[in-house]
Amino acid sequence: MTFVSPGYPLFLLGVVALHRLAPAAWRGVVLLVGSAVFYGWGHPGLLVLVVAIGASDQAIARAISAGADRRALVALAVGKDLGILGLFKYGALFAGLPVWVPLGLSFYALQSLGYVLDVAHRRVEARRSLAEALEFVLFFPQLVAGPVERTQDLAPQLAARGVASESQLRAGLVLLAWGAFQKIAVADTLDPWVDRAFALRDPGGPVAWAAAAAFMVQVYADLSGYTDLARGSALLFGIRLSKNFDAPWRAATTPEFWSRWHRTVTRFVREHLLAPLLGSGSPTLARRAMAVGVALLAMGAWHGAGWNFLIFGLLHATASIGYLLLEPWSPWRRPAWRPWFALGHLLTVGWLGAMIFREPDPGRLVAHLARPVWSGTADEGAAGLALFGLAAGLAVPLWLGQIVADRWSADHRAALPLQIVAVSGLLAACFVFWRPTDADFLYFQF
Amino acid sequence: MSRLATLLAPLPAVLLLGAGLWRAPTATDAREDQNAGLVLGGVLHADGVAAALDAVLAQRPRVLVIGNSNANSDVDPVTLARGLAVRRDDVAVLSIPNASAVHFVAILRRLQGRGWRPDLVLVVSRLQLVLVDTPISEGARRSLEALLGPDDGDLRPVGGRWIRELVARREALRDRLGAGLRSWLPRAFGTLRPEAVLRRALSDERIDPDRLGRPAARALPSPERSRAGELARTARALGVDLVVARPPPSPLAGPEDGDVVPAGFPERTRAVLEAEGARWADLSALRMQPHHYRNADHLDDEGARRLTGALLALLRPPRGQRLDALGAVRFVDGVLRRDTGTVTWAGPPPALPEVTNVRFTGDLGVLEVDLAAPDDAWTQQATRLSVRCSPVRAVMDGALLPGAGLPCTALRPGSSCHRASGVHVRAPDTREHRWSVALDPERSCDGARWLYPGDRAELRWTAELPGARLEIEVVARGAVRVDAALAGGSGGVAVPGRTLVLPTSAGPQVLSLHSDGYALVTRAELVLP
C-alpha cells in the first residue's frame, strides 16, 4: 500500500481510531501491526527483509549496550546494512543480478543503521525490546520514502504512547491535504509530459531543457508531497516527523541547497559520513573539500546504479567545493545579492542537475547538453514554451504554499476557518486533477 | 456557540468551491446534454435513439457497425461494403456518442426476437470503453436509458445522478485547466494553436516507446470482470459473428488522452472474447498520420478508408499464404502485424531528370522537374490504404529527404512530397542548399512495392503446400508491361487491373519481375487449392 492507494484513507482512519481507542500500553502494538499491514499489503514477503534488518540491528545495538566490542559491531552493522543496500542497488551492475530494489530499502536501511550508530555514540540507549526497535524502523508513515529519522527524535515519541492533540489532528489533516495536492495536482499532472519529452528520439533544445525544468518541479512536488503526507499521517498519531524540505530552490549556494533539500538524508550523511571525514578540530580547506566531495558523491550514488546519479553527485560536489573556496568572501550573504545568487544557482546547478538526474543514457545526456535551450525548430520552441508554462503554472501553488507555511502557524486556533477552507480547496483540486495512474512516487525507485 | 460559528464561517467559501466545480461544463458537455438520447449514426433523430435504431434494424442490414463516435468517423461504409462484397445499404452504422460496453450489449439485445440476424456485428471502440462498465457521461447515460427495455435492469447504472455529473464536470475542468496551463506561455509569444503544436512535437512517431515510463491508465475493471464477455455471449446467443476492433492511437492525442490500459489487458480481452466465439482486432500498430484526423480523436474520410482497409485483412483474410516480400498487412492472434520482408533488386533506381527551377519562400520550396513518375495524389487513389507514397524524393546537398506521407501543406522540416506542380520540400533551415530529385531506393509503399522503368526484382519465398497458385496484381498509370517469371516454371505478363495467376510447386520459389514503366505491385499471394 502507498499513500495514493485508494484504500489508504480508510486504512489510516482505521489505524488512527484504533490507536486512540486502545489503552496506552497497546498503542505500540497497534502501530506495529498497522505498519506491518501497510508495508506487507499485497507483498507480505517484503516484510522479511525489513524485519531481518531491524532485528539484526537491534541485536547489535543490545550487544553494544552490554559492553561488547563497539568498533567491531559498528563495522558489522555498517557492512551488513550497506552491503544489503549495495547488493540490491548495484547487484545488477557488478553481479548480473536482476534489477529490483525492495520498496523503501534505501530509507529504512539508513534509519536502522542510524539507530545502531546512535547507540554506539551513546546518543541513545538501545531499545528494551525487539518490538520497540521494530516499531521504530517500521513506523509506516516514514517507512517507504522517509523522512529518515534520528533515534533520539522518533523513538521517545513512540515510547510516550500518547495520542494526537486537537491542534495536531488539524495540522495533520492540513499536511495530508497539502501533500496530496502536491502529488496529485502537480507531480502527477507533469509526469506524463515529462516522461514523453524524455522519450523523444530527438527532442531538440527547447523541449529537452523545458522537460528538465518541468522535472525539477515534478520531483520536488513528488518527494515533498510524499513527505508532507508522511508528516500529516504521523501527526494523527501525535508524532512529529522532521521537515524534509525547506524551500530548496531559494538556496543561494549548493551547500545551502543540501541544507534545504531532503534534509533528513543530508543530515544522516552529514552526521555519519561527513563528520568522521572532517575529524575533530579545525579541518584544513583541502580536507573539507575532500570530505564534501566524497559526501556528495555518496549522495549521488545512493540513488542507484546509474552514471547519471554519479554525474549528478559529481556536479554537486564540484559546485560545493567551488562555493567552499569562495566562502571567505561569501557574496551571496549580502541581502541585496542573495536573490540573484539563488536565481543563478537555480538556473545552473538546479536546472543542469535536473537534466542529469532524469536522463539515464550518457550518450543522450551529452546530446542534450550540447543543444542550447534556444536551438531547434519553431514547433520545438513553442512546445518548449508550453512545457515551461505548464511547469511554471504548477509551481505557483507550491510557491504560495511556501509563503503560507512561512507565515502561518498551524497550531493557531484562529486559523481553523482558514484550515477548513484550505483543506476543502486542496481536496477539491485533488478531486479535479486526480487520474488513476500506475505512477508511484518517484523516490520509490531509489 | 463561538465554536460553531468558527466551524461554519468557512462554509460560504467551501460552497463557492463546490459551485465553481458544478458550473464547469464545457460547450461540448452542453451540446451532448442537449442531444443525449437523440443521436444515432451521427444523425439527430427527434423521436429518439431507440426508435431510430428499430427503424434501421427493420431494414435488416447484413453488417452492423456499433460503437461511440469513432464507429461513425473511423469506418468507411463504402470500403467496408466493397471489401465484404455486400451492398452499401447492407452496412448500417449505429454509433452513439460516448457509448461504451453497456450500450453495445443493449444494442445487441434489441436484435433478440426479430426472427432475423445480421451476418456481422463490428464493434469499433477504444479498449477503455469496451472495459468500462458504466456510461462515461450523463449524455451517454441518457442514451442508454433510452435503449433499455424492461428486462435490461442489469445494464442500468447505479449511483446518484449528481455523483456522475460531478465526475464528468471534474474531468472537463481538469482538461480545461491543463490546456490553459500548457497554452498561456506559447500564446504570449504568438503561437496560434499551442496544444496542436505541443502534441505534434511529442507525437508518437517521434517517441521511442522503450523509453516511455508508466502511462496513466483509467481505473478499469479487469477484462474478465468487464462486460466484454457478456457482449460476446450475447452475440453468440444470437448466432452473430462479432468482431471487436480497437482503433489505432491518434498521434494528435496527448499522453493523457490515449487508449491507455494496464499491461496485459489487450491480450486478456482477446482471450475473453475468443472464449465466447467473438474475434478481436487490435489495430494499434496501424500507423496513422496527423492529416488522417479531422480532430484529435476522429479520422477523416481518408483515414477511415485506411483503417477500414486494414480491418478487412481480418474480416476477409487472404485466401492463402501471403508473401512476406510485399510487406503485407495481416492479423496474427487478433493483433495487426506488419511484415517487412526482403526483396532484392538487380540495380539502383534509374536517374531522374535535372530540376529545372527551384522556388523557395522561407523554408518551403518547390523543385520544378518534368517527371513521369506517379505523384502522391495518384497513389492515394491506387492503394488500398490510401497512402501518399510517390517514389520521388527530394535530395538536399546529396542526401535523400524522406517522403512525408502528408499533404504538401503539412510538411515537416526535412521532408518532401510530390504533386503535379513539382516536388515540394520543407528545408530543416533557411540556409542555401543544392537540390535535385531521385527515386526512393527502398521502393516501398506501405504494403506494396514499386517497380521502376527497367527494374528487375526477385521475390523469394517457400511455398508450404504443393498445388498452390501465385496471384499477382499490379497497378500503374497508363500502359505498363510487367513480366513475371517463376524460376524453372511458368511466367506471364501482369496487366494493371487484372490478376496474373501462375501455378507453383512446394518448396523454395523465386519470382522475377521486370517492368518497363512505373508499376506498383500491390498483391503477390499464394492461394491454396
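**Figure 1. A four-stranded open sheet in chain B.** In this predicted model, chain B holds an open sheet of 4 strands in the order 11-12-16-15, with antiparallel pairing. Strands here are DSSP runs of E with at least two residues, helices are runs of H or I with at least four, and both are numbered from the N terminus; two strands pair if DSSP finds at least two bridges between them. Strand 11 (357-361) and strand 15 (415-419) of chain B are at the edges with a single partner strand each, so one side of each has no neighbour in the sheet. On average, neighbouring strands of this sheet are turned by 20 degrees against each other, direction ignored.

**Figure 2. Where strands 12 and 16 of chain B meet.** Strand 12 (residues 364-368) and strand 16 (residues 422-426) of chain B run antiparallel and are joined by 4 bridges. Look for B:G365, which stands opposite B:V425 in strand 16 of chain B.

**Figure 3. The largest nonpolar core.** This core has 135 residues, and A:F139, A:L190, A:F237 and A:I239 have the most contacts inside it. A nonpolar core is a set of buried Ala, Val, Leu, Ile, Met, Phe, Trp, Tyr and Cys residues joined through side-chain atoms within 4.5 Å; buried means under 20% relative accessible area (1.4 Å probe, protein chains only). Helix 10 (residues 205-235) of chain A gives the most to this core, with 19 residues. Apart from this core lies another, of 45 residues, including B:A52 and B:V240.

**Figure 4. The surroundings of A:I239.** With neighbours within four places in sequence set aside, A:I239 is in contact (heavy atoms within 4.5 Å) with A:L31, A:F139, A:L154, A:Q157, A:L158 and A:A234.

**Figure 5. Helices 12 and 13 of chain A.** Helix 12 (residues 263-278) and helix 13 (residues 285-302) of chain A pack at an angle of about 140 degrees, with their axes 10 Å apart. Axes are lines fitted to C-alpha atoms over the stretch in contact, and angles run from 0 to 180 degrees between N-to-C directions. Among the residues that meet are A:V265, A:L273 and A:L277 in helix 12 of chain A, and A:R287, A:A291 and A:W302 in helix 13 of chain A. The residues of this contact divide into 14 nonpolar, 1 polar and 2 charged.

**Notes for all views.** Residues are numbered from 1 along each chain as its sequence is written, and chains are lettered from A and ligands numbered from 1 in the order in which they are written. Local features need pLDDT of at least 70, side-chain atom pairs count only at pLDDT 80 or more, and totals for chains, interfaces and linings use all residues, while side-chain values use heavy atoms, with hydrogens and water left out.

Conventions
Buried < 20%, exposed > 50% of the residue type's maximum accessible area, 1.4 Å probe, protein only. Nonpolar A, V, L, I, M, F, W, Y, C, P; charged D, E, K, R; others polar.
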